[in-house]
Amino acid sequence: MLRRLLGKVESGRYGRALAGLQAGWQWECEVRREERFEGLVLYGSKRYRVAIERRGTRYAARCSCDDAVARGVLCKHIAFAAMAELATAVVASSVHRQLQELG
Ligand SMILES: [Zn+2]
């Protein structure tokens, strides 16, 4: 779901989300379930609420910023949250593999 969503982010916004990663943006995840992620993207004094939800084979993503609300696009905050969750999943599977090797 997250990979497919990231594939639909316009490249300029994707680039700004990557720049955010480099600048130390934070993703404060409040809900992490298979079909739903929700939390806050934080940097400086900014806070944006992002929710990504799976609906069947599709997804719905929301953010509290003007870009997402007014233009209805996948904004850089949604892209950042999706990248952060994807990275979390990669880390989790890496640890799992490592433990299997130890056993
Ligand atoms: Zn946003």
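Trainee: Which residues form a nonpolar patch on the surface?
Mentor: Y14, L18 and L21 form it, with about 260 Å² of accessible area together. Patches are made of residues with over 30% relative accessible area and no salt bridge; like charges are joined within 9 Å, nonpolar side chains (Val, Leu, Ile, Met, Phe, Trp, Tyr) within 5 Å. A salt bridge is a side-chain nitrogen of Lys or Arg within 4 Å of a carboxyl oxygen of Asp or Glu. Areas come from the Shrake-Rupley method with a 1.4 Å probe, and for residues only the protein chains shown count as cover.

Trainee: What should I know about the source?
Mentor: This is a predicted model, where local features need pLDDT of at least 70 and side-chain atom pairs count only at pLDDT 80 or more, while totals for chains, interfaces and linings use all residues. Residues are numbered from 1 along each chain as its sequence is written, and side-chain values use heavy atoms, with hydrogens and water left out.

Trainee: Where is L18 found?
Mentor: In helix α2, residues 11-23. Helices (H or I, at least four residues) and strands (E, at least two) are DSSP runs, numbered from the N terminus.

Trainee: And how exposed is L18?
Mentor: Partly exposed, with a relative accessible area of 40%. Buried means under 20%, exposed over 50%, and partly exposed in between, with a 1.4 Å probe and protein chains only.

Trainee: On to the strands. How do β2 and β3 pair?
Mentor: Strand β2 (residues 36-43) and strand β3 (residues 46-55) are antiparallel, over eight bridges. Two strands pair if DSSP finds at least two bridges between them. F37 has I52 in β3 as its bridge partner, and Y43 stands opposite K46.

Trainee: What does G44 do there?
Mentor: G44 takes a positive phi near 55° in the hairpin of β2 and β3, which has two residues between the strands.

Trainee: What does β3 pair with on the β4 side?
Mentor: Six bridges join β3 to strand β4 (residues 58-63), and the two run antiparallel. R54 stands opposite Y59 in β4. That hairpin also has two residues between the strands, and G56 takes a positive phi near 65° in it.

Trainee: How does β1 pair with β2?
Mentor: Strand β1 (residues 26-33) and β2 are antiparallel over seven bridges, with Q26 opposite L42. They form a hairpin with two residues between them.

Trainee: Is β2 enclosed or open?
Mentor: Eight of the eight residues of β2 are buried, so the strand is largely enclosed by the rest of the structure.

Trainee: Which side chain does R36 meet in a polar contact of 2.2 Å?
Mentor: The side chain of E53. A polar contact is a pair of N or O atoms within 3.5 Å; within protein, one must be able to donate a hydrogen and the other to accept it, and residues adjacent in sequence count only if both atoms are side-chain atoms. R36 lies in β2 and is buried, at 15% relative accessible area.

Trainee: What about E38?
Mentor: E38 is buried too, at 16%. Its side chain makes polar contacts with the side chains of R36 at 2.4 Å and R49 at 3.1 Å.
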